[in-house]
Amino acid sequence: MKVLLSSLFHSFLRILASVLVCVAVFDILLKIAEVFENYTPFEYAYWDINGTIYTFLVYLGIALGIIWSIYERQKENLTNALNHFCQLFIRIWLAFLISSYGFAKILRTQFEVPEHIKDIPINALHPFYLTWYYFGFSREYALILAAIEISGAFFLLFRKTRLLGSAILFPTMLNLVFINKFYFINPWSLLASIFFTLGTFYLLLIDLEKIKSTFFNFTIKLKWNISGLIRTSLKALVLLAAFGLIWMYANDSPINNTFLKGVWSVEAMKKGADPITYPNNKDSVLTKLYFEYASPERIVLEFNHHTNRLRANYQLSSNNDSLIILAVDQRIQLRINQLNAETLKLDGLQGDDSLQLILKKVRNSSR
């Protein structure tokens, strides 16, 4: 059984190496084509058929890896030479492309958001630009990421430090896969990050014995005795205590579960005898109300722009028919007439003036 598992493991390594070499050759050819971008339409044609190309490369690599595994015993010298070649080629490919992403961060060709995107509200941004803006907001953080990628790539170039380089880059590349996938960066970045992750994973696997001797140099023996169970339970209490601490933070105040929870826009407003006419008196026109989800007595009033906001407390009657808003220098008392699930009519007083509001639900709270 042990011999069979070892044989399957090495066959898997050969197939993975073959796939990675096929992809690496294509990636390097693509980068050469990019140098002559102004002279060839190759790159633009590639973007339209990249899925087909990579699918073909994966199948080709699998086929070559299977053939290699079948004939590896008959051609032992050739197998050793191919192993060395694949490992070296994959290390050079990874070092070249991953370090190029690091240098892109230093030279500001990554994490730079177009100016017209920066003025779009955060809830209207595509996740790609949201992520790009977040990572690019701190120049220092971008440089730290660049240093990790470049240093890891440098260590890959040398056989004696390849394990260190792959150990640095594997979690970085795996995290990049998650970012590209769940923040919808683009399909090409996702493909690249997947292959980079597989490449660093392959380099970790060829040094599996070193990893096992470093991190798994122990044997598991089950001891069913009282003292062992008590020690294990006490250690598990550390995680339980951490959960309890955060649970207390998450439940230190009642959650707002009323129909008010969320964001409301002011569709119409009448103060005193005269209706408010937009866009006159912009700075004094109430345009949005935010009933916060995690603090049921807090409200934020927005006057035409997010830079002009007033934070206040509010009280909702037990039968949900009246609302009192308590700001620093004013008190607003309103009767609630719920026209439908998405529309409220509020009538009452703001100081000595009568106030009438028509509110429209913009969105519910995320929690």
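Me: In which kind of crossing, left-handed or right-handed, does H7 pass H8?

Reply: H7 passes H8 in a left-handed crossing. Left-handed means the near helix is turned anticlockwise from the far one by less than a right angle; clockwise would be right-handed. A word on the basis: this is a predicted model, where local features need pLDDT of at least 70, side-chain atom pairs count only at pLDDT 80 or more, and totals for chains, interfaces and linings use all residues. Residues are numbered from 1 along each chain as its sequence is written, and side-chain values use heavy atoms, without hydrogens and water.

Me: Why is H7 called roughly antiparallel to H8?

Reply: Helix H7 (residues 162-182) and helix H8 (residues 187-205) pack at an angle of about 150°, and their axes are 8 Å apart. That angle makes H7 roughly antiparallel to H8. The cut-offs are under 35 degrees for roughly parallel, over 145 for roughly antiparallel, 65 to 115 for roughly perpendicular, and oblique for the rest. Axes are lines fitted to C-alpha atoms, for helices over the stretch in contact, and angles run from 0 to 180 degrees between N-to-C directions. Helices (H or I, at least four residues) and strands (E, at least two) are DSSP runs, numbered from the N terminus.

Me: Which residues of H7 and H8 meet?

Reply: Among them are Leu163, Phe170 and Lys181 in H7, and Ser189, Phe196 and Leu204 in H8. Contact means heavy atoms within 4.5 Å. The residues of this contact of H7 with H8 divide into 14 nonpolar, 6 polar and 1 charged. Here Ala, Val, Leu, Ile, Met, Phe, Trp, Tyr, Cys and Pro count as nonpolar, Asp, Glu, Lys and Arg as charged, and the others, Gly among them, as polar.

Me: What makes H5 and H6 roughly perpendicular to each other?

Reply: Their angle does. Helix H5 (residues 127-137) and helix H6 (residues 139-156) pack at about 95°, with axes 5 Å apart. H5 and H6 are therefore roughly perpendicular to each other. Phe135, Gly136 and Phe137 of H5 make the contact with Arg139, Tyr141, Ala142 and Leu145 of H6.

Me: Where is glutamate 149, and is glutamate 149 buried or exposed?

Reply: Glutamate 149 is in helix H6. Its relative accessible area is 7%, so glutamate 149 is buried. Buried means under 20% relative accessible area, exposed over 50%, and partly exposed in between (1.4 Å probe, protein chains only). Leaving aside neighbours within four places in sequence, glutamate 149 is in contact with Ile98, Tyr101, Gly102, Lys105, Leu169 and Met173.

Me: Why does threonine 172 count as partly exposed?

Reply: Threonine 172 sits in helix H7. Its relative accessibility is 22%, so threonine 172 counts as partly exposed.

Me: How many disulfides does the structure hold?

Reply: The structure holds 0 disulfides. A disulfide is a pair of cysteine sulfur atoms within 2.5 Å. For cysteine 22, the nearest cysteine sulfur is that of cysteine 86, 9.1 Å away. Cysteine 22 has 13% relative accessibility, so cysteine 22 counts as buried. Cysteine 86, at 5%, also counts as buried.

Me: What is the phi of phenylalanine 111, and where is that residue found?

Reply: Phenylalanine 111 has a positive phi of about 65°, although it is not a glycine. Phenylalanine 111 lies in the loop between helix H3 (76-106) and helix H4 (115-118). With a relative accessible area of 10%, phenylalanine 111 is buried.
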